[in-house]
Amino acid sequence: MDVRCWTFSIVAVVKAALLSVMPRCSWAASEPNVTYHDEEWGVPVHDDRRLFEFLILEGAQAGLSWTTILKKRENYRKAFDEFRPEKIARYGARDVRRLLRNEGIVRNRLKIAATITNAKSFLAVQKEFGTFDAYLWSFVGGKPIRDLFRRGFKFVGSTICYALMQATGMVNDHLVTCPRHAELVG
């Protein structure tokens with residue numbers, strides 16, 4: 001067995017043992033939350049398309065459970081052109097009608113309109129800052145909410161912004177007893 005494979009196997013066994021002994025964050029009690037918690041939540045994200053995806057999904061979640069959105073995530077990817085903001089920014093009335101008929105997503109006219117508006121604002125931020133990543137991460141320790149509103153974003157209140165910061169690793173809110181907390185600290 002190759003040393004890298006052996007090392008990977010040891011790491012996987014230790015991680016599985018830690019997760020069985022140390023509790024995960026309490027919200028990650030069943031699928032799809034467990035997989036999301038163990039593989040994505042709190043991991044720093046620097047890819048603009050993924051940051052845009054999280055921004056849209058966090059907005060879609062407003063008033064709903066995150067589990068609902070996770071279960072609809074693949075439908076969102078298909079319905080919104082894999083979260084390509086340059087394509088979504090050109091959506092018109094026909095696209096809005098199509099999305100309102102799509103049972104695989106949250107069919108809320110305001111949230112759909114916000115996604116289109118946010119795609120346009122996202123592209124403007126990319127143009128100004130080079131990447132959305134550079135813009136968003138410049139706020140670590142700062143106040144992104146007021147600036148997002150100023151730039152025309154919708155569904156970006158304090159709860160959604162904080163959830164976005166948690167999901168994309170801008171803050172580590174795993175319980176200190178959760179094995180993922182230590183993994184993501186350093």
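## Model and fold

Helices (H or I, at least four residues) and strands (E, at least two) are DSSP runs, numbered from the N terminus. This is a predicted model, where local features need pLDDT of at least 70, side-chain atom pairs count only at pLDDT 80 or more, and totals for chains, interfaces and linings use all residues. Residues are numbered from 1 along each chain as its sequence is written, and side-chain values use heavy atoms, with hydrogens and water left out.

The protein chain has eleven helices and zero strands. Along the sequence, the pattern is α-α-α-α-α-α-α-α-α-α-α. The chain holds 186 residues, of which 43% are buried. Buried means under 20% relative accessible area, exposed over 50%, and partly exposed in between (1.4 Å probe, protein chains only). Contact means heavy atoms within 4.5 Å. Of the contacts with a separation of 6 or more, 63% join residues 24 or more positions apart.

## The largest nonpolar core

A nonpolar core is a set of buried Ala, Val, Leu, Ile, Met, Phe, Trp, Tyr and Cys residues joined through side-chain atoms within 4.5 Å. The largest one has 44 residues. Phe52, Tyr76, Phe80, Phe132 and Phe153 touch the most other members. Two or more residues come from each of α3 (48–61), α4 (66–79), α6 (93–101), α7 (109–129), α8 (132–137) and α10 (158–167). The largest share, seven residues, is from α3.

Phe80 is in contact with Ile88, Tyr91, Leu99, Ile105, Ile112 and Thr115, leaving aside its neighbours within four places in sequence.

## Pro85 in α5

Pro85 is found in helix α5 (residues 85–88). Pro85 is buried, with a relative accessible area of 5%. Beyond neighbours within four places in sequence, Pro85 is in contact with Phe52, Ala119, Phe122 and Leu123. Thr115 is 30 residues from Pro85 in sequence and 9.0 Å away in space, C-alpha to C-alpha.

## Helix α3 against α10

The axes of α3 and α10 come within 9 Å and cross at roughly 140°. Axes are lines fitted to C-alpha atoms, for helices over the stretch in contact, and angles run from 0 to 180 degrees between N-to-C directions. Angles under 35 degrees count as roughly parallel, over 145 as roughly antiparallel, 65 to 115 as roughly perpendicular and the rest as oblique.

The crossing of α3 and α10 is right-handed. A crossing is left-handed if the near helix is turned anticlockwise from the far one by less than a right angle, and right-handed if clockwise. From α3, Leu51, Phe54, Leu55, Glu58 and Gly59 meet Ile160, Ala163, Leu164 and Ala167 of α10. These contact residues divide into seven nonpolar, one polar and one charged. Ala, Val, Leu, Ile, Met, Phe, Trp, Tyr, Cys and Pro count as nonpolar, Asp, Glu, Lys and Arg as charged, and the others, Gly among them, as polar.

## Helix α6 against α7

The axes of α6 and α7 come within 10 Å and cross at roughly 135°. That makes α6 oblique to α7. The crossing of α6 and α7 is right-handed. Val96, Leu99 and Leu100 in α6 meet Arg109, Ile112 and Ile116 in α7. The contact has five nonpolar residues, no polar and one charged.

## Thr131 in the loop

Thr131 lies in the loop between α7 and α8. Thr131 is partly exposed, with a relative accessible area of 31%. Not counting residues up to four places away in sequence, Thr131 touches Asp48 and Gln126. His46 is 85 residues from Thr131 in sequence and 9.3 Å away in space, C-alpha to C-alpha.
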